[in-house]
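Open the model in your viewer and keep the selection panel at hand.

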Amino acid sequence: MSPVSPWPVPDPLPGEDRTYGGGLYVDLVPAPTFGINCRKVFTSYQWSRLSRGIKARADFTCEFCTMPESPEQNMYHVTHERFSYDGASSLQRLTRFICSCRRCDEFTHFGRALVYGGSPELILWHALAVKNIRTNTITLEDVKAEAWAALELWKRRSAMKWTVDLSILAGTGLPVNQESLVIAPVVES
């Protein structure tokens, strides 16, 4: 079976900030908005094409650690949606897409990775190696502290009600139901 053909994705997408949130860090989605993402807006086929287009514009190379995708070794990358958060307006905005290898994605979604059986030691050691590509001054304790600080930030953000803005999806060229681009979830008490 041949892979889904990539959707031609402009670099950047209209409204996308390709400089936002560069570098590998834990990027946890608040509990009230967990599950609100691009896969909910598009059909499975559309999301597959867009995701493949995002990976193609990065030459199927992880934008965090530079590891190339390797289908021969069953190593496929994922498309990470990076959100910005404005606490004053309670706005969670889809700001950019990143091509990520599975190892970097586990660190980015550290909490989810632990829930689904990821090895904390392997995840943290991979993140340490990636962070020390440019500098050799970061320690494993620094990476652990970053992960725990992200979990504390997640707790604070999870106590808030957010409006999710997915409006950059309108610039993908794929058909999008405009009403599905801004979502105000209800926080249950």
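Start with the sheet: 4 strands form an open sheet of mixed pairing, ordered E1-E2-E3-E4. Its edge strands are E1 (78-86) and E4 (182-183), each pairing on one side only. Strands here are DSSP E runs of at least two residues, helices are H or I runs of at least four, and both are numbered from the N terminus. Two strands pair if DSSP finds at least two bridges between them.

This is a predicted model: local features need pLDDT of at least 70, side-chain atom pairs count only at pLDDT 80 or more, and totals for chains, interfaces and linings use all residues. Residues are numbered from 1 along each chain as its sequence is written, and side-chain values use heavy atoms, without hydrogens and water.

Select E3 (163-165) next. E3 and E4 pair in the antiparallel sense over 2 bridges. Val164 stands opposite Ile183 in E4.

Now take helix H2, residues 44-57. What covers its buried residues? Helix H1 (38-41), E1 and E2 are included. Among the buried residues of H2 are Trp47, Leu50 and Ile54; buried means under 20% relative accessible area (1.4 Å probe, protein chains only). Step past H2 to Asp59, whose phi is positive, near 60°.

Finish on the cysteines. The whole structure holds 0 disulfides, a disulfide being a pair of cysteine sulfur atoms within 2.5 Å. Cys62 has its nearest cysteine sulfur, that of Cys65, 3.7 Å away. Cys62 counts as buried, at 2% relative accessibility. For Cys65, the closest cysteine sulfur is in Cys101, at 3.7 Å, too far for a bond. Cys65 is buried too, at 10%.

Conventions: Contact = heavy atoms within 4.5 Å. Axes fitted to C-alpha atoms, helices over the stretch in contact; angles between N-to-C directions. Buried < 20%, exposed > 50% of the residue type's maximum accessible area, 1.4 Å probe, protein only.
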